[in-house]
Amino acid sequence: MLQRHTVDTTVAAPADRFGMWLDLIARTAAPLRIRSDHTADFAARADVIELGPIQLVSYRYPSLHAVRTRKPFQCSDPEVYSLALTTTGRSGISQHGRSSRFDTADFTFYDCFQPHEVSHVGRHAGRERATTVAVVIPHAALPLPVDRLAPLFAGRFSGTEGLGALLADYLVRITRHPEQYQAADADRLGTVGLDLVTTMLGRYLVSEDDVPAEVRRRALLTRVRAYIRENLGDPGLDPRAIADAHHVSVRSLHRLFEAEETTVAEYVRASRLERCRRDLADPTLRDRPVQALALRWGFRDKAHFSRAFRAAYGTTPQAYRREQARIVNERASTVNSARDGAAHTGDGPVTGSTGGTAHR
């Protein structure tokens with residue numbers, strides 16, 4: 001799974017927790033002066049995930065106000081941008097003479113190296129801790145002109161519509177469930193995330209031509225794939241419908257997939273078949289007719305579905321379901337036999353007076 005590094009201040013004594021947090025922020029973003037009503041016992045947590053060119057950080061902390069002063073800057077200070085998504089609470093930011101205030105599900109973008117002020121108040125008048133998911137991006141990794149980015153600093157960007165919604169879902173899904181991804185996928189996940197960030201910011205620039213063409217292509221491909229996954233149950237999902245939803249021609253859509261060693265139609269069919277395969281293996285759906293599962297994912301013709309499933313997996317849907325049921329039953333039988341054997345022989349874990357398990 002993806003490697004996650006966690007800093008939890010509650011492992012330290014209450015008097016040391018605030019200093020521990022200041023050290024973390026200085027290493028990952030920039031040295032800050034932080035004011036908070038909770039410095040005597042600053043219970044906070046940060047989960048850091050390295051994804052190739054970028055870093056994802058999920059923060060949870062008491063309400064605070066942070067200031068990056070103009071001087072002195074150290075050559076060792078990280079030169080990074082931050083695109084921060086407020087996930088609970090209310091936030092505010094100021095940089096380069098611009099200020100914004102925003103609520104849950106809004107993004108803001110700023111240069112951590114330059115002077116700025118950030119405030120974040122948790123829900124219920126600050127009685128609950130505030131939470132944020134941030135993308136930390138080295139200056140050199142973001143393929144946009146630095147001078148063009150300045151007007152975006154301290155801006156407010158929606159995380160509930162368009163590219164912002166796609167990016168927000170992407171970031172939250174990875175930070176909450178890193179176990180669903182392999183460590184070998186880290187670089188690729190980072191590239192996708194950086195492409196989405198770059199394209200979203202590019203939408204707010206005077207000209208999107210500042211965004212490299214390959215970055216725009218990869219970001220559009222990510223959006224198209226997400227759209228397909230969300231609409232697999234629609235029998236009318238075809239290249240024309242997909243192209244219209246993204247305001248491109250069908251020809252452009254086909255060109256988008258040329259480098260992916262598949263076609264649009266093949267990707268849709270493969271995605272539908274994979275969802276059907278999962279449903280057929282799900283014991284909770286065992287009473288649902290095969291045809292109903294196929295229709296759920298956009299296959300209107302039973303014979304066509306059976307042929308496509310056999311071509312993809314080398315067996316019929318019915319045979320696959322029976323085989324998966326047999327495997328589940330065998331596993332359950334093995335577990336039950338092991339439990340019965342342990343109960344019969346009394347050969348179970350040995351526990352001491354503390355309730356821990358002693359290994360023989």
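Predicted model: local features only at pLDDT ≥ 70, side-chain atom pairs only at ≥ 80, totals over all residues.
Colleague: How many helices and strands does the protein have?

Modeller: The count is 11 helices and 14 strands. Of the contacts in the protein with a separation of 6 or more, 71% are between residues 24 or more positions apart.

Colleague: What share of the residues is buried?

Modeller: Of the 360 residues in the protein, 43% are buried. The accessible surface comes to about 19300 Å², and carbon and sulfur atoms hold 49% of that area.

Colleague: Which residues have the most contacts inside the largest nonpolar core?

Modeller: A core of this kind is built from buried residues joined through side-chain atoms within 4.5 Å. Here the largest one has 40 residues, and those with the most contacts inside it are Leu 51, Leu 83, Phe 107, Phe 109, Leu 142 and Ile 174. Both strands and helices give two or more residues to this core: β3 (45–51), β4 (54–61), β6 (80–88), β9 (106–111) and β11 (130–138), along with α3 (162–176), α4 (186–203) and α5 (213–230). There is also a second, separate core of 28 residues, with Ile 228, Tyr 267, Cys 276 and Leu 285 among them.

Colleague: Which residues does Leu 51 touch, leaving out those up to four places away in sequence?

Modeller: With those left out, Leu 51 touches Leu 2, Leu 56, Ile 174, Ala 186, Leu 189 and Gly 190.

Colleague: What joins the side chains of Gln 55 and Glu 50?

Modeller: A polar contact of 2.6 Å joins them. Beyond four places in sequence, Gln 55 touches Thr 28, Val 48, Ile 49, Glu 50, Ala 134, Val 135 and Val 136.

Colleague: How much space lies in the largest pocket, and how is such space found?

Modeller: In general, a probe the size of a water molecule is rolled over the atoms, and this shows where empty space is left. In this model, the largest pocket holds about 930 Å³ of space. Its lining has 26 residues, of which Arg 173, Tyr 181, Arg 225, Arg 229 and Tyr 267 are the closest to the centre.

Colleague: Which helices supply the lining of the largest pocket?

Modeller: At least two residues each come from α3, α4, α5 and α8 (264–281). The largest share, 7 residues, belongs to α5.

How values were computed. Residues numbered from 1 in each chain as written. Heavy atoms only, no water. Buried < 20%, exposed > 50% of the residue type's maximum accessible area, 1.4 Å probe, protein only. Helix = DSSP H or I, 4+ residues; strand = E, 2+ residues; numbered from the N terminus. Contact = heavy atoms within 4.5 Å. Polar contact = N/O pair within 3.5 Å; in protein donor to acceptor, adjacent residues only side chain to side chain. Areas by Shrake-Rupley, 256 points an atom, 1.4 Å probe, with all protein chains shown as cover. 1 Å grid on protein atoms, 1.4 Å probe; cavity = no way out; pocket = protein on both sides within 12 Å on 5 of 7 lines; lining within 4 Å. Points joined across faces, edges and corners; volume = space filled by probe spheres on them.
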